[in-house]
Amino acid sequence: MAMNLKNSALLIIDVQNDFLPGGALAVSEGDAVIPVINSLQEHFTFIVATQDFHPEDHGSFAANHKGKKPGEFIELAGLQQILWPVHCVQGSEGAEFHAELNPIRWQAIFQKGTNPEVDSYSGFFDNARRGDTGLGDFLQNEGIMNVFLTGLAQDYCVKFTALDAVSLGFKTYLITDATRAVNLSAEDGEKALDELKKAGVILIESSAILD
Ligand code: VGL
Ligand code: ZN
């Protein structure tokens with residue numbers, strides 16, 4: 001194996017039906033990450049997943065603001081908030097992980113976006129950085145020093161999880177062929193990669209681990 005994966009965790013971000021083709025907030029080619037992530041899982045002893053998990057009345061849904069459409073902005077929790085289509089509602093099929101993603105060896109699932117008053121892109125903290133999912137402490141208590149990020153969407157939840165991972169002191173890798181961007185504006189995915197590189201995230205391809 002090309003890389004030493006001691007003290008390393010694989011993080012699988014939001015590989016849920018609503019973010020996959022046919023879903024409410026579909027990421028194009030989102031399903032292409034599934035076989036890559038399944039192969040990567042065989043190389044890690046420590047694997048955790050995150051799950052976007054909103055109540056029906058979540059403030060990030062355009063449908064919950066009279067006259068507003070997805071893509072428009074409001075203020076939520078004192079922050080500028082882009083409005084999304086209704087997605088990943090607790091108990092819905094769209095919130096479930098894709099059936100082909102293998103969950104057998106996951107140590108834990110961290111849910112986020114459960115507070116209707118604030119959105120939560122990162123797997124660590126909500127966007128206002130008030131609520132903490134517990135993921136950071138969980139990884140630190142297990143002696144994890146390196147995190148390898150995969151999943152959806154590259155320009156939202158993966159990006160903000162990666163930035164928080166760096167700020168918490170983890171050596172942070174993004175596996176670029178195991179993620180895809182939603183690209184609300186053209187190039188959002190590319191911009192996210194630049195921003196992540198500047199923040200100290202190491203970009204690698206899955207072949208660095210699989211070959
Ligand atoms: C996500 C938008 C809204 C994501 C979650 O998982 O990237 N994006 N909620
Ligand atoms: Zn969401």
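UniProt positions are given here in the numbering of this model, feature names are shortened, and annotations may be inferred rather than shown by experiment. According to the unreviewed UniProt entry, the annotation "domain: Isochorismatase-like" covers residues 8-206. The end C-alpha atoms of residues 8-206 lie 15 Å apart, and the span is 20% helix and 23% strand.

The model is predicted, so that local features need pLDDT of at least 70 and side-chain atom pairs count only at pLDDT 80 or more, while totals for chains, interfaces and linings use all residues. Residues are numbered from 1 along each chain as its sequence is written, and chains are lettered from A and ligands numbered from 1 in the order in which they are written.

**Overall fold**

The protein has 5 helices and 8 strands, where helices (H or I, at least four residues) and strands (E, at least two) are DSSP runs numbered from the N terminus. Along the sequence they follow the pattern β-α-β-β-β-β-α-β-α-β-α-β-α.

**Core**

Buried residues make up 43% of the 211 residues; a residue is buried if 20 or more other C-beta atoms, placed from the backbone, lie within 10 Å of its own, exposed if 12 or fewer, and partly exposed in between. The largest nonpolar core has 50 residues, such a core being a set of buried Ala, Val, Leu, Ile, Met, Phe, Trp, Tyr and Cys residues joined through C-beta atoms within 7 Å. Helix α3 gives the most to this core, with 6 residues.

| Residue | Residues touched |
|---|---|
| Leucine 11 | Val48, Gly123, Val147, Phe148, Leu149, Thr150 and Thr161 |
| Alanine 199 | Leu163 and Val166 |

Leu11 is among the residues with the most contacts inside the core. Alanine 199 lies in helix α4 and counts as partly exposed because it has 14 C-beta neighbours inside 10 Å.

**Ligand 1**

Ligand 1 is surrounded by Asp14, Phe19, Asp52, Trp84, Tyr121, Leu152, Ala153, Tyr156 and Cys157, a residue being counted if its C-beta atom, placed from the backbone, lies within 6 Å. This shell has 7 nonpolar, no polar and 2 charged residues.

How values were computed:
Contact = placed C-beta atoms within 7 Å. Nonpolar A, V, L, I, M, F, W, Y, C, P; charged D, E, K, R; others polar. Lists of a residue's contacts leave out its neighbours within four places in sequence.
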